[in-house]
Amino acid sequence: MSDFGTEELSARGVRAQARPFSYFDAFVKTFSDAYDRESNPDGYINLAVAQNNLTVDLLHDRFNDALKELSPSTTAQYDDMKGSHAMRCAMARHMTRRVVADDSVEAVRAEDLVLSSGAGAVIENLVFCVCNEGDGVFIPSPYYPAFPNDLRARLGVQTVPVSSTRSSASRGQVCLPQVGADYDQAARRRNIEERKDLHMKMILLSNPSNPQGIIYSREVMEETIVWAVSQKLHVISDEIYACSIFGEGGHAFVSAISIVEKLIKDALDRGDAEFAQNCRDYVHVVYGMSKDFCASGYRVGALWTQNAGIHRALDNVSYFCAIPGPMQHALAIVLNDDEFLDGFFEENRKRLRKQYATVAERIDASVIEIVPTSGMFVYFNLRKYLPEIQPTYEDEHRLWNHIYTEAKVVLTPGKDCASDEPGWFRMCFAAVPEHTLRQAIERIRAAFAVSYTHLTLPTKA
């Protein structure tokens, strides 16, 4: 490989050289030296990848059957770059039945959907249409660690983490930030750091939450959306774990589509046509097949938006990230197979529930302060193993590195999720088979025993 110096790159190229997250190199290394209990028992175990491998067998078998149904020759030709009509109709039907699942809401319309090669592309294209380079996007923290890179690498858009000052008496019930006060404080803090005033354009929400695995209440979601719309802030509700709810307790999932439809109806009933139109223009929902369908390699993301200007812009931009025609044809068949999908999602929930139980049985409840009910993560707290007096993110990194080097297990450090305090770690418990998950936890415990004798991973009595 030739040495093409940084000075030869554009400003965008230089910006893209930045690692997407702090543990990126360790993350990549695992793919070439991955653990296998038969062929590579000393390999790395990657619990930092946001991927569900538990039920991929069922989906992939059904997808392969769909591929056998000959696609028309038109799938080899250009089509609507925002998604074929058949695929958008199939996705709209699935979202109506299983994501929104609200009898009071009219069906999701195919014409409100834009399909692209993955939810990451969907979010980037949406932000491309709304934000200028240097603008800011609020993200309640802790958040998905790749969000900042997704918006920065090509767009040059800045992310502003927002901590919540709300208190919660119920263990595991985590709230979104207080509208107004928490967002204003986050903006002021970032403006001081940047020594300039960022133009805030959006709020990016993740519901169900990555990394916390919890669901936000309808009331706090509606409160956030109403406030944002009144401030002319766009809202993205990332709902890619909507069909991966496996636990009991906590709040019931309510899609932002359902909330927006109610807000529009109420606004029209009281004669506030302007607010109704603003709800249509400023609220957007992202969905995809990577997580709920265990199909991150299929690269299918969906944007629901009623903003006509964004649709016109995406008529152009979608060309650069369209989904291949034969893939859309086969996936439309799968999405229309209700008998298969209902059974698939039920089985996926069972497997997620069982896999999380493997973690909960082996790590003391004092470590799992936030009990997940959805998604594929447990966000656990090891701050008791950091220095008692003023622990730092450097201390957190040393603990992360010890687990990586001694146990050969990759976790996501809380700093990358913009955690409020050092010591939090994200584990994706669905990324590996149960026996590998057990091995990872035992390795971590053994690593503490080697040189962190006072940091023995607590286990249940």
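User: What should I know about the model and its numbering before we start?

Analyst: It's a predicted model, where local features need pLDDT of at least 70, side-chain atom pairs count only at pLDDT 80 or more, and totals for chains, interfaces and linings use all residues. Residues are numbered from 1 along each chain as its sequence is written, and side-chain values use heavy atoms, with hydrogens and water left out.

User: How many aromatic pairs does a search of the whole structure find?

Analyst: A pair of aromatic rings is described by the distance of the centres and the angle of the planes. Here rings of Phe, Tyr and Trp (its six-membered ring) pair if their centres lie within 6.5 Å; planes under 30 degrees apart are stacked, over 60 edge-to-face, and the rest tilted. The search of the whole structure turns up 23 pairs. Take Tyr23 and Phe27: at 6.3 Å centre to centre and 65 degrees between the planes, they're edge-to-face.

User: Are Tyr23 and Phe27 buried or exposed?

Analyst: Buried means under 20% relative accessible area, exposed over 50%, partly exposed in between (1.4 Å probe, protein chains only). Tyr23 is buried at 3%, and Phe27 is buried at 13%.

User: Which angle do the planes of Phe63 and Tyr298 make?

Analyst: Their planes sit at 40 degrees with the centres 4.6 Å apart, so the pair is tilted. Phe63 is in helix α3 (residues 56–68) and Tyr298 in the loop between β7 (283–288) and β8 (301–305), so to speak 235 residues apart. Helices (H or I, at least four residues) and strands (E, at least two) are DSSP runs, numbered from the N terminus. Phe63 is buried at 6%, and Tyr298 is buried at 12%.

User: Which element gives the largest share of the lining of the largest pocket?

Analyst: On a 1 Å grid over the protein atoms alone, a pocket is an open set of points where a 1.4 Å probe fits, with protein on both sides within 12 Å along at least five of seven lines; lining residues have an atom within 4 Å of a point. The largest pocket is lined by 37 residues, with Gly120 and Asp150 among those nearest its centre. The largest share of that lining, five residues, comes from α5.

User: How many residues of α5 are buried?

Analyst: Nine of its 12 residues are buried, so α5 is largely enclosed by the rest of the structure. Among the buried ones are Ala119, Glu124 and Val130.
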